[in-house]
Amino acid sequence: MSSSTYSLDERHRQLGLTDGEYARILERLGRAPNDVELAMLSLMWSEHCGYKHSRRLLRRLPKEGRHVLMGPGENAGAVDVGGGLAVAFKVESHNHPSAVEPFQGAATGVGGILRDVFAVGARPVAVLDSLRFGEPSSSQRSRYLLDQAVAGIGHYGNSIGVPTVGGEIYFESSYEQNCLVNAMCLGLAPHARLIRSAAAGAGNVVVLLGALTGRDGIGGASVLASAELGEGDEAKRPSVQIGDPFTEKKLLECCLELLDRELLVSLQDLGAAGLTSAASEMASGGGVGLTIDLCQIPLREADMEPFEIMVSESQERMLCVARPESVGALLDVCERWEVLATTIGCVTDSGSLQVLHRGNVVADVPVSVLIDDCPLYDLQPEPPSSDLYSSPGAVISGNEPPADTLLALLGSANVASRRPVFEQYDPIVQSRTVRRPDEADAAVSIAGNGRRVACDPRRGAAEAVYECSANLACVGAEPLGLTNCLNFGNPEKPHVAWQLTEAVEGLAQACEAFGVPVVGGNVSLYNEAPTGPIFPTPVVGMVGKLPSAARAGRMGFARVGDAIALVGPFEPSSVGSELAKLRGQAPVGELPAADAGALRVVHEAVRARVRSGAFRSAHDIAEGGVAVALAECCIAGGLGASVRLPRGLDPFGEAPGRAFIVSGPAEGLAGFVVIGEVGGEELRIEDLLELAVSELREARDGGLAELV
Amino acid sequence: MKFGIVRFPGSCDDVDALQAATRVGDAVLLWHADHDLQGVDAVIVPGGFSYGDYLRAGAIARFAPVMVQVEEFARAGGLVLGICNGFQVLCEAGLLPGALLPNLSLKFLFRQVELEVVRGVGPFTGACETGERLSIPVKHTTGRFYAPDHELDRLEANGQVMLRYTRGNNPNGSLRDIAGVCSEFRNVFGLMPHPEHAVDPLRGSVDGLKIFESMRAHVEQHVLA
């Protein structure tokens, strides 16, 4: 191709493709793509769909494990939990839409991850959220984003009847422009109902289920998700989809009934890049072609152009393949659930995605070009030569008495009670929830502290794995699998590439050491504003198995007279800690090292003793160090405690996932470092502080309530 | 004793109610589009967001085909329990007095609340003592009970106010702390708290079971006997 072609034809640049990528398209197609084809290719080759800057790196993550039923590449990963049941789960980002329109962005983030889970045949039984915003005390925008994103998550999850059982929120100024909204969903399925997305069987029928196709979300994957945010984002609002949980509720029940009746060959949700992506992935998975007639697709606006129909990101739609003889029964089930179902095409053996409109072929692209030919780039990582993130403003001086330090930490936005947020979510619908938020760490957990990853990407990312495993250990659950969402800045910048590479290495090493496979996930790059990148934020979601729900552990001290022990190799430091932030220190420095193999043994020991009842409470030590962990155990149990910390231990230093505060009868704690006893109405830490539990609670309850 | 739980499109706590009712008797789901109550002894209209509740909570479900039979059943003296969205639907249908308005906070709220049994007699609270405290969760956006003053006076005089939020526990601004009311003939009862989510010690409280036990006792003594 001569370079003059490019100057004549700049459509591809407007769609986010580089000149090199366009040349590659010309070469692979052997001709110039028409407008419809180019729109489709620009989306499939976007970072969001094609993972072109991250795919090679993600190969580093361990994916094998004896419990794994479905790994990366499906709509969601799935693990065996015994008894013929599988748990499917995935975490996904909806960051850019939420930064532009937080209510709908967050709501459709939940809607999208729910579809991923029921697309594999699992009934969604739990949602968790991982949210990041700017500082709420100083930023009106951050309070608005928090308020609206939480309302949007509640709107969707509550209305569709899936409990929101947990989550995490951090506030840091680096998220001021780029908030993060990651949603994780967990579903339950009998093994026999699990279904893959691969289309099969030439002559089989392609049926579109669910909502009408409209102009919403056009180009969302390329316009929003694969570029930095900047001025003029208001104009991108039409690229944000609108959620309709009622339609999805019907779609969910309908799809599960179709699967129970064995009426489907394959099922796929429509997410980013809409029909283009769903059809390409189904065809690619099965090594077949698909022909789709756009005139059959029910439209919200009659005059939609073919490319608009192909890339629309209208929500609450699913694509399925069925045998011709099943179509009648399929349509009957859909009618009963009042779900729109339309035959829009068929499976072919051409290997191409062929699109018809009014009798004309408006696109005909080999599926291999759409999926396999997407260019993959090697990152050019380089450690940053100077500090990337500035110091936050100091909130406390560092000279105050330890009691005041503890109260300041408990009231800080990152540590304070999440009650004002989780009270807006329904955590109990479906009657499967045995521990509500604030009662325990969880059998499904989500973690990822960006400030610590900013300090030390490799150890910080590994800590997210340790912390999830520690949370599971506290309720007595054994890790089965992990999903992750990598939220980073622009990977084309060497220092972001370095953060990403180091973080993936940290995750991989921790997963290998703990024997936890990665069964799926999502990457969200280009989270940058003119002021710079977000903290590198790998969010880890881990699912564990709890043999007896009746024995699920709690975090609160349970009985006066119980001994309290510090379990685990705990050598915390102030680097990257919540206290360092309150004192105005920048996120720099090396995090404490960890022997992951030894840590795994500690987690197993805690798990076994929670299960046996030897520990009546267990809580991992995370933000704010051992002092905050002790305070949280007192608040949750409504009981005081008297302890003496080991000599030289920094009461506010952090090393997440390494150690636990446990309590129980003294004989059950034999062999552990007993540091005190439960009782009284105060938390007393010898030679350090003495505070009434009511005072601790007040500080912790007030922190976020004043801001929401 | 057979309970029937109505399933509208958008019902969310239908299976929860089914499981709770199964603890005290038999229970079946009743499909919204069928004109058939399958010979049940009591009907439960469950929580959720029937038809999305995009118009006004309960306003569309009230016109569902199955509601014709539910209304007939109620007017003939059959026991009908409305929980949360079900309470809203029964108010819309005119089977219960008053209306449910958006919470004063205008936000969805989930919280375990304490209730006082105003009257421990009748088909829905007969298994409770008058003045007994129950711990049951609420979860709703539209749960503020409202009726004009003279209507509230009349309800109280008639003994139709069955449950109140205890002092400091009113989660939504309901007038006179009303959490549950019954119809004039006491056979239709609606409440915003979710008794079906308080039936299992593993999940925190079993106080809600008393509502279902009251219904069973009433049916066994007065209907099946």
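This is a predicted model: local features need pLDDT of at least 70, side-chain atom pairs count only at pLDDT 80 or more; totals for chains, interfaces and linings use all residues.
Me: Is H23(A) mostly covered or mostly uncovered?

Reply: H23(A) is mostly covered, with twelve of its 13 residues buried. Among them are Gly625(A), Leu630(A), Glu632(A), Cys634(A) and Gly637(A).

Me: What covers those buried residues of H23(A)?

Reply: The cover includes two helices of chain A, H16 (402–411) and H24 (693–705). It also includes strands S21 (617–620), S22 (641–643), S23 (660–664) and S25 (682–685) of chain A.

Me: Which residues does Cys634(A) touch, leaving out those up to four places away in sequence?

Reply: Cys634(A) touches Phe557(A), Leu639(A), Gly640(A), Ala641(A), Leu683(A), Val693(A) and Leu696(A).

Me: What backbone feature comes just after H23(A)?

Reply: Gly638(A) takes a positive phi there, of about 65°.

Me: How should I read the largest nonpolar core, and which residues have the most contacts inside it?

Reply: In soluble globular proteins, nonpolar side chains tend to be buried together. Here the largest nonpolar core has 298 residues, and those with the most contacts inside it are Met40(A), Leu630(A), Cys634(A) and Val80(B). Helix H19 of chain A, residues 457–475, gives the largest share of this core, eleven residues. Domain 1 (50–371) and domain 2 (554–708) of chain A each supply at least three residues to this core.

Me: How many residues does each chain bring to the contact between chain A and chain B?

Reply: Chain B brings 20 residues and chain A brings 21. On the side of chain B that touches chain A, helix H1 (14–22), strand S6 (109–117) and strand S7 (133–140) each supply at least two residues. S6(B) gives the largest share of that side, three residues. By type, the residues on that side of chain B are nine nonpolar, five polar and six charged.

Me: Why does Ala593(A) count as exposed?

Reply: The call rests on a neighbour count, with 12 or fewer meaning exposed. Ala593(A) has 11 C-beta neighbours inside 10 Å, so it counts as exposed. Ala593(A) sits in the loop between helix H21 (578–582) and helix H22 (596–612) of chain A. The C-alpha atoms of Ala593(A) and Arg459(A) are separated by 7.2 Å, although the two are 134 residues apart along the chain.

Methods. Residues are numbered from 1 along each chain as its sequence is written. Chains are lettered from A and ligands numbered from 1 in the order in which they are written. A nonpolar core is a set of buried Ala, Val, Leu, Ile, Met, Phe, Trp, Tyr and Cys residues joined through C-beta atoms within 7 Å. A residue is buried if 20 or more other C-beta atoms lie within 10 Å of its own, exposed if 12 or fewer, and partly exposed in between; C-beta atoms are placed from the backbone. Helices (H or I, at least four residues) and strands (E, at least two) are DSSP runs, numbered from the N terminus. Domain bounds come from an automatic or database domain assignment. Two residues are in contact if their C-beta atoms, placed from the backbone, lie within 7 Å. Ala, Val, Leu, Ile, Met, Phe, Trp, Tyr, Cys and Pro count as nonpolar, Asp, Glu, Lys and Arg as charged, and the others, Gly among them, as polar.
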